[in-house]
Amino acid sequence: MPQAERRHLISIDDLSDEELRHIALRGAEFSAGSADDARPLADTVVGVLFRKTSTRTRTAFSAGALRLGARLITYGPGDLQENTGETVEDSAAVLSRMIDVLVARTAGPEHELRAYAAQRRMAVVNAMSQGEHPTQALADLTTLLRRFGRIEDLHVIYVGEGNNTASALALALSRFPGTRLTLRTPPGYGVAPEYLERAAVSAKRSGARIEERHDMADLPAADVVYTTRWQTTGTVKPTADWREVFAPFQVTEKTMASSPDAVFMHDLPAHRGEEVTADVLDGPASIAFDQAENKYHSARAVLEWCAADRSSER
Ligand SMILES: NC(=O)NCCC[C@H](N)C(=O)O
């Protein structure tokens, strides 16, 4: 029997435009309840490895895998022998001979995930790394599709730290014609240049617009105002005055007033009174908890896509 051949999702840029659109649409189908209730992962074993805290992503992928018929193995931060010095490469060689998909939230840069993904027997899904949070962006695309029926020509304003969520959002939105992403990030806390450069390349091709500024003046009207917590996982602020730097970037009713028809999105967890006021997060424009639910629907779309055996397509 030929060996299974599976697809990885380490970065949004691992997906073609067609694949990105497919996963977003499939997530929207699951979210709308219109996807068939087949159990395509019935013979699949999914490993779930989280080295950092998680509420949404871990639950979305675990529940999603179970609902699609898979069986789960969960690993805590200290469980694998990598903690006693085994190399990532050896760990990957072993796990890939036993399980079909590994969903992993690692502590650091993508290179550990890339080392896991140096084989194709076991699909590897980046459940958030230092640089990028691709499964968040896919859930966000699904949320936009559910709310607006399209992604093209939408204008999203992202306010706050240029973290893993912002990088993935920039890479994802840059693929859609006419879509605009206005990033307003605190000075010194912008999106890493590598991601902005990659997003610019996609935007040039698609006709999207990605712009970053480090102030809150002259905020344009948009379809979506999006923010994120101020304490990004695994980061330490280099200066003691960081709250003063972040304070103007709090999303308030006044921020929302410049986009009277906009919805409010947040990748959560939220800290009311820091990055967003309670009246916005809990107010009528907020779709943050629908967005959180869409992590589960989108996770099923990701798992279905990654776990499919492509060996017969060669
Ligand atoms: N939706 C999520 O996955 N939330 C947890 C992480 C949020 C944020 N991007 C962080 O790195 O702290």
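Tutor: Let's begin with residue classes: Ala, Val, Leu, Ile, Met, Phe, Trp, Tyr, Cys and Pro count as nonpolar, Asp, Glu, Lys and Arg as charged, and the others, Gly among them, as polar. By that scheme, the shell around the ligand holds 3 nonpolar, 8 polar and 5 charged residues. The model is predicted, so to speak of local features we need pLDDT of at least 70, and side-chain atom pairs need 80 or more, while totals for chains, interfaces and linings use all residues. Numbering runs from 1 along each chain as its sequence is written, and side-chain values use heavy atoms, without hydrogens and water.

The ligand is surrounded by 16 residues (a heavy atom within 4 Å). His133, Asn164, Arg229, Thr233 and Leu268 are the closest.

Now find the polar contacts (N or O pairs within 3.5 Å). The side chain of Arg105 has an N or O atom 3.2 Å from an oxygen atom of the ligand. For Gln136, a polar side-chain atom is 2.9 Å from a ligand nitrogen atom. Asp267 uses a backbone N or O atom, 2.8 Å from a nitrogen atom of the ligand. The protein buries 97% of the 350 Å² that the ligand exposes when taken alone (Shrake-Rupley method, 1.4 Å probe).

Helix H2 (56-67) and helix H6 (164-173) each give two or more residues to the ligand's shell; helices are DSSP runs of H or I, at least four residues, and strands are runs of E, at least two.

Two backbone details stand out here. Leu268 and Pro269 are joined by a cis peptide bond, with omega about 5 degrees. Pro269 belongs to the loop between strand S9 (263-266) and helix H10 (278-281). Met128, in the loop between strand S4 (123-126) and helix H5 (134-148), has a positive phi, near 120 degrees. Most residues other than glycine have a negative phi, and most peptide bonds are trans.

Definitions and conventions: A polar contact is a pair of N or O atoms within 3.5 Å; within protein, one must be able to donate a hydrogen and the other to accept it, and residues adjacent in sequence count only if both atoms are side-chain atoms.
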